[in-house]
Amino acid sequence: MSALSDYRRREQSISYSAEPAGMGLEQELMTINMGPHHPSTHGVLRLILTLEGEIVRDIKPIIGYVHTGIEKTAEQKAYWKVIPVVERMDYLAYYFNSYAYCGAVEKLLEVEVPKRAQYLRVIHMELNRIMSHLVWLGTSCIDLGAIGVWWYCFREREAVLDLFEMSSGQRMHTRYFQVGGVIEDIPRGWAERVKRFTQTMRHRSEQYSALLDKNEIFLQRMRNTGTVDEETLLDLGVTGPLLRATGNPWDLRKAAPYCSYEDFRFKIPVGTTGDNYDRYRVRHAEIIESCEIIDQALDGLPEGPFITEDRKVALPPRHELATSMEALIHHFKLVTEGFRVPPGEVYFPIESPRGELGCFVRSDGSSKPARVHMRDPSFVNLQATAPASRDTYIADLVATLAMLDPVLGGVDR
Amino acid sequence: MAWNPGEDVVAVQRAPKPGGAGGAYRAFGETLRGLKTTFGRMLERPVVYQYPEEKVPVYPRFRGRHKLHKFADTGLEKCVGCSLCAAACPADCIRVVAAENTPEHRVSAGERYAAVYEINLSRCIFCGYCEVACPFDAITMGHDYEMSDYNRTDLIFTKEMLLAEPLERTPLRTEDE
Ligand code: SF4
Ligand code: SF4
């Protein structure tokens, strides 16, 4: 028993029981278990619910089922080898994970990232944002019983994944971002294809609107359910579309621009009351804004190198390996040992599809990070489950959970 | 509100109140409009592949199963057993044991060759760092993605398996497809 953490002990102390809910009431309070393998918990999340009839009176989320120890693993690896590892935390926002990490290391190294690399990063991240929101919309609609929307969303997601496959060689976990830039330039024809995709995407998102915006069943399930006010959210540290749905326009892309976001014109969609419908509308509008950003970035895509020319950090171009001894030596050194990072610590926050994703890196001067920590927005946002769904119907809890959009890979890490 | 981005903010539209007369209209009118959207999709071409009869084509950069290469003219292996790929692998799934080439037994073009070269594909995360690390282009990521098997031990690919041509080729997409 002593080996158990306090958290686990509290988890085990919960008894599943049925007891009278109070004097003169016929209802009983019933504590039941939902998950971890429940189709509507969006990953392996376990909820312990105390129900009075169909009303949720108390709710305790239990996490940790997909804990992978990625943060610890990262301490054993050279800096560049950490990138494919951290990408696997929040599996719907891999470009954001790797950018948060690369950005933190770049800040420690004080390397300059070429403009073209920054633009390519923006394009990929915004495509990733669209993709993540599509998965959110599709899976949420399944929970609400609208399976058609799911098919449509996954069709478009497929198109984004195809674009990722074309530019970076893999559909998920692409390790395209490297410290100092991106690993390869985009292939010929890719830019036109992305352009075509944003066109289609705008058109398609109108179709989602036509299906959902005024659908009576959707309205009944969404409007005024799962409402949490701005104060509570701020107290809990919730960020991203959940916070913006309450009317607070906090968006790091505008509030503290990184990666050339100041070059682009885009709007921050905000809601008014912070109920599920506002969350839906905000994310839906963000898809369109992301299309805008991508189009602007493609139009303004500067020429130039796609990765920093600093040979201490970036691998030399392949063609130099055959001709230049110096390049070969750098290559050997970077591959076997990796680059050294000056001692220090840095926190680098970015706006992921779910909110503020921050990466903390501490360096002790060696070629492996001494500590890597991610502030994952899903983890923080999950705290809003209880205030959002206490004293609502259990069916609304499912809808609210879907609209909170937690990704359990990111929560547990 | 501590921070105000000014006119960069757009408020999204609120939902109409559910129920009431509007609700009665929406229950019919909007449902019909939704049906129009779904039925409209019937005219579009299906986007699915009939896998496994029809293989999904991949793009040239796709990183699938690894391949080891030989020189086309001499037939010697390109790999010289330098273990750089093993050093670069984040999943630690490559094992290289090098041995000296002798005049009677020449396997590779360099001084040494890989006597053992194994990749444990059940650990591999297909990051392609081995391909990036190899200074001699001896290992590349191929295009095959059908690698499942019944035993974990069968997923440890030996040098012979990696040098061999795949039984079935994965279709490639062209750039403007
Ligand atoms: S693709 Fe990555 S994980 Fe797989 S063998 Fe190569 S370096 Fe290792
Ligand atoms: S594949 Fe390349 S990097 Fe790996 S041992 Fe052979 S020559 Fe060295």
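The domain assignment of chain B gives two entries, domain 1 (14-47) and domain 2 (66-163). In this predicted model, the C-alpha centres of domain 1 of chain B and domain 2 of chain B lie 56 Å apart.

Chain B also holds an open sheet of three strands, in the order β3-β4-β6, with antiparallel pairing. The edge strands of chain B, β3 (94-100) and β6 (156-157), each pair on one side only. Strand β4 (residues 112-120) of chain B is joined to β6(B) by two bridges, and these strands run antiparallel. Opposite B:F157 in β6(B) stands B:I119.

Ligand 1 is surrounded by 14 residues, and the closest are B:C89, B:C124, B:C127, B:Y129 and B:C130. The shell around ligand 1 divides into 13 nonpolar residues, one polar and no charged.

In chain A, two helices pack against each other, α4 (residues 94-109) and α5 (residues 115-144). Two packed helices are described by the angle between their axes and the distance between the axes. For α4 and α5 of chain A, the angle is about 140° and the axes are 8 Å apart. An angle over 145 degrees would count as roughly antiparallel, so α4(A) is oblique to α5(A). The residues of this contact divide into five nonpolar, two polar and one charged. The table lists the residues that meet.

| Helix | Residues in the contact |
|---|---|
| α4(A) | A:Y94, A:Y95, A:F96 and A:Y99 |
| α5(A) | A:R121, A:H124, A:M125 and A:N128 |

Methods
Residues numbered from 1 in each chain as written. Chains lettered and ligands numbered in written order. Predicted model: local features only at pLDDT ≥ 70, side-chain atom pairs only at ≥ 80, totals over all residues. Near = placed C-beta within 6 Å. Nonpolar A, V, L, I, M, F, W, Y, C, P; charged D, E, K, R; others polar. Domains from an automatic or database assignment. Axes fitted to C-alpha atoms, helices over the stretch in contact; angles between N-to-C directions. Helix = DSSP H or I, 4+ residues; strand = E, 2+ residues; numbered from the N terminus. Parallel < 35°, antiparallel > 145°, perpendicular 65-115°, else oblique. Contact = placed C-beta atoms within 7 Å. Pairing = 2+ DSSP bridges.
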